[in-house]
Amino acid sequence: MDFTPPPIEDGFTAEKLFNQGFSYTYDDVIFLPHYIDFPAEAVNLSSRISRNVPLSVPFVASPMDTVSESAMAAAMASLGAIAVIHSNMSPSAQAAVIRSAKSRRVPILSHPVFLPPSSYIDSPDDFADSPYILVTESGDSKSKLLGYVSKESYTNQNDKSLKVRDYMAPSAPITVPWIHDLKEIDKVLEEKKTDFVGLLKDNEVVDVITKDEVERVKGYPKLAGPGSVSADGEWMVGAAIGTREQDKERLEHLVKAGVNVVILDSSQGNSSYQLEMIKYVKKVYPELDVVGGNVVTMYQAENLIQAGVDGLRVGMGSGSICTTQEVCAVGRGQATAVYKVSSIAYKSGVPVIADGGISNSGHIVKALSLGASTVMMGSFLAGSTEAPGTFEYQVRTGAAQVEGGIHGLVSYEKKYF
Ligand SMILES: NC(=O)C1=CN([C@@H]2O[C@H](COP(=O)(O)OP(=O)(O)OC[C@H]3O[C@@H](n4cnc5c(N)ncnc54)[C@H](O)[C@@H]3O)[C@@H](O)[C@H]2O)C=CC1
Ligand SMILES: O=c1[nH]c(=O)c2[nH+]cn([C@@H]3O[C@H](COP(=O)(O)O)[C@@H](O)[C@H]3O)c2[nH]1
Ligand SMILES: [K+]
C-alpha cells in the first residue's frame, strides 16, 4: 500500500484498549474508519475453521439442535461454509446426519411427499412445503414413479373425491442422478421443458428440485469460493462430541461417516477431561482436526494449544441463549475474549472460532477483525431454517456485507477504536 498514514494518534489502539482491565462485548466497541484504497470485491473471506479445514466463507453453524442437522449442513457446505452437527442424539443418528449432508450436491431444502395411486389428497396441507406430490407404485420414495400432482392442479380440481391416479399428470416426473449440481439440473430443466426434477440416489427419490428454487438460489450474491469441498470431493461437515468415555465410541461412528472436523462441546474447555480427549483424538485419528473449547482466557487457550488442538472455540456467556454467566458467574466480554485468545493462538497457527452473540454483520466484522478466523452462529441462523432458502440468502448477504465491512478495516496496519 503506497499510502503512509499521517502521524496523528487518534483513538485507542487495540493493544491499549484491551489491556486496561475491562472486558468488552461486541457492542461496547466500534472501529474508527481509516483509508480505503481497494474495492470491496478485493476482500477475500476464505479462511479455516481449524488447522487443516479450509472454508470459502468464514461462517460456522453452531452444534445446537435448533440449528445444525443435515439441511443446515448441506446449505452451509454449498455456500463454502460449514455446520457442526449437534450431539443431542444417538451416535448412529449423528453419523446418519453427517452421511445425509455429505450425500447432497444442492443447497435446496426439499421434503418430497409420496402417495400411492389409489389414495386421495384431502387438503393442500398434504403437500407440506413441497409444490408437488409424487405418485409411486407403493407410495414411498423407493418404488416406481407413476406421475405427480402439482398443488395448483389439486386446488383447481373440483371433484376432490377422485383418487390421485384419476387426475395425476400421467407422465412420470423427470429424474436426474443425485450428484447433479445446480448447473446440470438447470440444463435438464431447460432441455426437458419441465418445472421440476426428482433427484435419484440408489433408485430412491431423495429430493425434488423446482425451477423456481434453482432461479432463487442462482440469484444470490456471488460467493468467494467453491462450496467447502474436502479432498475426496465431498462436502465438509463438522460434529460435536463430549469428553466422556462413551464419546470415544461416538467419535468412531462419526469418523466412519466421514466427519471432517470434531468439536469438543463444553462450556469450559480447560479441564483435565478435555486435555485427555484432545490427546486421545490426536493419537487415534491423527488426520482428524479437533477443536477445543470453549475458552475466553489466554491461560485456558495455552493449555489446549499445548495439548495439540487444531482450533479453539471462544465464548463464555456470549451466546444469545447463554446462561453461563448468570449460572456460573464466569465468562468474559466476547470482543475481549476473541482479541485476547487470538493474540496467542495465531502464534501457534491455531485458528479461533468466535462463538456466539452474533446478531448482525457488524458483529461478524468485529469478530474477524479482532483476530477470529471464523464466527460460529446459533440464533442468527436458526430463524432462517423455518423458511427454507432464506438461510442461504442471509449467509450470502452477510458475506457480501462482511466483504464490504472488512474492506474498510483491513487497510489498517493496526486497528483503532
Ligand atoms: N459458551 C458457552 O457457554 C457454551 C455452552 N455450551 C453448552 O453447554 C453444553 C454442555 O456443556 P457442559 O455442561 O460444559 O458439558 P461438559 O460435558 O463439558 O460438562 C458437563 C459436566 O460433566 C463433567 N465431565 C465432562 N467430562 C467428564 C469426564 N470424562 N468424567 C467426568 N466428568 C466429566 C464436566 O466437568 C461438567 O461438570 C453444550 O452442549 C452447549 O449447549 C457449549 C459451549 C459453549
Ligand atoms: O450456556 C449455554 N447454554 C446453552 O444451552 C447453549 N446453547 C448454545 N450455547 C452457546 O451459544 C452459542 C450460540 O450463540 P448465538 O445463538 O448467540 O449464536 C453456541 O455456539 C454455544 O456456545 C449455549 N450456552
Ligand atoms: K456461548
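This is a predicted model: local features need pLDDT of at least 70, side-chain atom pairs count only at pLDDT 80 or more; totals for chains, interfaces and linings use all residues.
Is F196 buried or exposed? With 2% relative accessibility, F196 counts as buried.

**View 1. F18 meets Y24 edge-to-face.** Welcome to the aromatic side chains: pairing by ring centres within 6.5 Å gives a count of 7 aromatic pairs. In one of them, the ring centres of F18 and Y24 lie 6.0 Å apart, and because their planes stand at 80°, the pair is edge-to-face. F18 has 2% relative accessibility and so counts as buried. Y24, at 15% relative accessibility, also counts as buried, since the cut-off for that word is under 20%.

**View 2. Y148 and F196 bring two strands into the picture.** Here the ring centres are 4.9 Å apart and the planes of Y148 and F196 meet at 80°, so this pair is edge-to-face. It links distant parts of the chain: Y148 belongs to strand 7 (residues 145-150) and F196 to strand 9 (residues 196-201), 48 residues apart. F196 is the buried residue from the opening question, at 2% relative accessibility.

**View 3. Four rings form one aromatic cluster.**

**View 4. A lysine over a tyrosine.** Look for the charged end of K160, which sits over the ring of Y154 at 4.2 Å from the ring centre.

**View 5. A lysine over a tryptophan.** In this close-up the ring belongs to W178, and the charged end of K201 sits over it, 4.0 Å from the centre.

Notes: Residues are numbered from 1 along each chain as its sequence is written. Chains are lettered from A and ligands numbered from 1 in the order in which they are written. Side-chain values use heavy atoms; hydrogens and water are left out. Rings of Phe, Tyr and Trp (its six-membered ring) pair if their centres lie within 6.5 Å; planes under 30 degrees apart count as stacked, over 60 as edge-to-face and the rest as tilted. Buried means under 20% relative accessible area, exposed over 50%, partly exposed in between (1.4 Å probe, protein chains only). Helices (H or I, at least four residues) and strands (E, at least two) are DSSP runs, numbered from the N terminus. A charge sits over a ring if NZ of Lys or CZ of Arg is within 6 Å of the ring centre and within 35 degrees of the ring normal.
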